[in-house]
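Subject: Structure for you to look at

Hello,

Here is the structure I said I would pass on. Please open it next to this message and follow along; my notes come after it.

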Amino acid sequence: YLLNPPDYRAHGMMPELRLSLFHHLGRLMGVATRHRILVPLSLPTLVWRAVAGMAVGRAELQAVDKLMA
């Protein structure tokens with residue numbers, strides 16, 4: 001599962017499923033944080049910059065998807 005792919009309809013994913021996957025990831029991160037469990041989430045810089053409220057640029061997008069950048 002890739003966070004925020006360009007077109008969910010092309011991947012056969014309905015918006016409800018997409019939201020439930022984001023919800024599940026959020027719960028996983030919340031439980032891990034609450035219990036001080038280190039979870040090796042291998043997420044691209046694009047995701048971490050967005051979570052931290054930092055600007056996301058073309059370089060981060062290219063690192064995930066060369067066709068979209």
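The protein chain exposes about 5800 Å², and carbon and sulfur atoms supply 61% of that area. Please keep in mind that this is a predicted model. Buried residues make up 12% of the 69 residues in the chain.

The secondary structure consists of three helices and zero strands. Read from the N terminus, the order of elements is α-α-α. If you take the contacts between residues at least 6 apart in sequence, 11% of them join residues at least 24 apart.

Helix α1 covers residues 15-34, which is 20 residues. From its first C-alpha to its last it reaches 28 Å, close to the 28 Å expected at 1.5 Å a residue. After α1 comes Arg36, which has a positive phi, near 55°.

Leu28 is found in α1. Is its side buried or exposed, or something in between? Leu28 has a relative accessible area of 37%, so it counts as partly exposed. Together with Ile37 and Val39, Leu28 forms a nonpolar patch on the surface. The accessible area of these three residues together is about 230 Å².

Leu41 sits in the loop between α1 and α2, the latter being residues 45-51. Which residues does Leu41 touch, not counting those up to four places away in sequence? They are Leu25, Leu28, Met29 and Trp48. One of these, Met29, is twelve residues from Leu41 in sequence, and the two C-alpha atoms are 9.2 Å apart in space. Leu41 is partly exposed, because its relative accessible area is 27%, and that value lies between the 20% limit for buried and the 50% limit for exposed.

Why is Glu60 classed as buried? Its relative accessible area is 17%, and buried means under 20%. Leaving aside neighbours within four places in sequence, Glu60 is in contact with Thr45, Leu46 and Arg49.

Regards

Terms used:
Residues numbered from 1 in each chain as written. Predicted model: local features only at pLDDT ≥ 70, side-chain atom pairs only at ≥ 80, totals over all residues. Heavy atoms only, no water. Helix = DSSP H or I, 4+ residues; strand = E, 2+ residues; numbered from the N terminus. Expected span 1.5 Å × (residues − 1). Buried < 20%, exposed > 50% of the residue type's maximum accessible area, 1.4 Å probe, protein only. Contact = heavy atoms within 4.5 Å. Patch = residues over 30% accessible without salt bridge, like charges linked within 9 Å, V, L, I, M, F, W, Y side chains within 5 Å. Areas by Shrake-Rupley, 256 points an atom, 1.4 Å probe, with all protein chains shown as cover. Salt bridge = Lys/Arg side-chain N within 4 Å of Asp/Glu carboxyl O.
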